[in-house]
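The entries follow the order in which I looked things up.

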Amino acid sequence: TPACTAVRGPLTGPISGLPARRIPHPSLHLAAPRSCGTLADMEARDSVLSAGQQAALDTKKVELAAADERYLREHPEVKAMVSAFTKHCLQSRPDSVREAAVAFFKDEASVRAAVASSK
């Protein structure tokens, strides 16, 4: 492996207008692998939020989770729709769950019928 290569043109000589300089071979610049430490070390090193911002974010996450839970309790039809779709997938075993979801939820009347039949 060459230690370095000269800047050369497409034929045989140096590129016109540029000094003939030597460029170090890329393999000479590879650093030895380092240990990244523990996950906590990496998170602390990569953190871009201040302690106050992180506390506010954590509080917001808890508030959103509570709001989601409240919504699901207030709208039992969501659980019924998910249950009906799950039953549909287990019975039909589609190749693509994503495509099955599109087809299943596309027609509101079919969803209502599936929910009603799953009760």
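In which hand does α3 pass α4, left-handed or right-handed? I found a right-handed crossing of α3 with α4, where right-handed means that the near helix is turned clockwise from the far one by less than a right angle, and left-handed that it is turned anticlockwise.

Before going further I noted that this is a predicted model, in which local features need pLDDT of at least 70 and side-chain atom pairs count only at pLDDT 80 or more, while totals for chains, interfaces and linings use all residues. Residues are numbered from 1 along each chain as its sequence is written, and side-chain values use heavy atoms, with hydrogens and water left out.

**The whole chain.** I read the pattern along the sequence as β-β-α-α-α-α-α, with five helices and two strands; these are DSSP runs, numbered from the N terminus, of H or I over at least four residues for helices and of E over at least two for strands. Of the 119 residues, 9% count as buried, that is, under 20% relative accessible area with a 1.4 Å probe and protein chains only. I also looked up the accessible surface, which comes to about 10,200 Å², with 60% of it belonging to carbon and sulfur atoms, by the Shrake-Rupley method with a 1.4 Å probe.

**The helix pair.** Helix α3 covers residues 76-92 and helix α4 residues 97-106, and I found them packed at an angle of about 125 degrees with their axes 11 Å apart. The axes are lines fitted to C-alpha atoms over the stretch in contact, and the angle, on a scale from 0 to 180 degrees, is taken between N-to-C directions. That angle makes α3 oblique to α4, the class left over once under 35 degrees is called roughly parallel, over 145 roughly antiparallel and 65 to 115 roughly perpendicular.

Which residues meet there? From α3 I listed M81, A84, F85, H88 and C89, and from α4 V97, A100, A101, F104 and F105, with contact meaning heavy atoms within 4.5 Å. By class, this contact has nine nonpolar residues, one polar and no charged.

**The loop.** Both R93 and P94 are found in the loop between α3 and α4. R93 has a positive phi of about 45 degrees although it is not a glycine, and at 67% relative accessibility R93 counts as exposed, the cut-off being over 50%. P94, at 26%, counts as partly exposed, and, leaving aside residues up to four places away in sequence, P94 touches C89 and A100.

Note on methods: Nonpolar A, V, L, I, M, F, W, Y, C, P; charged D, E, K, R; others polar.
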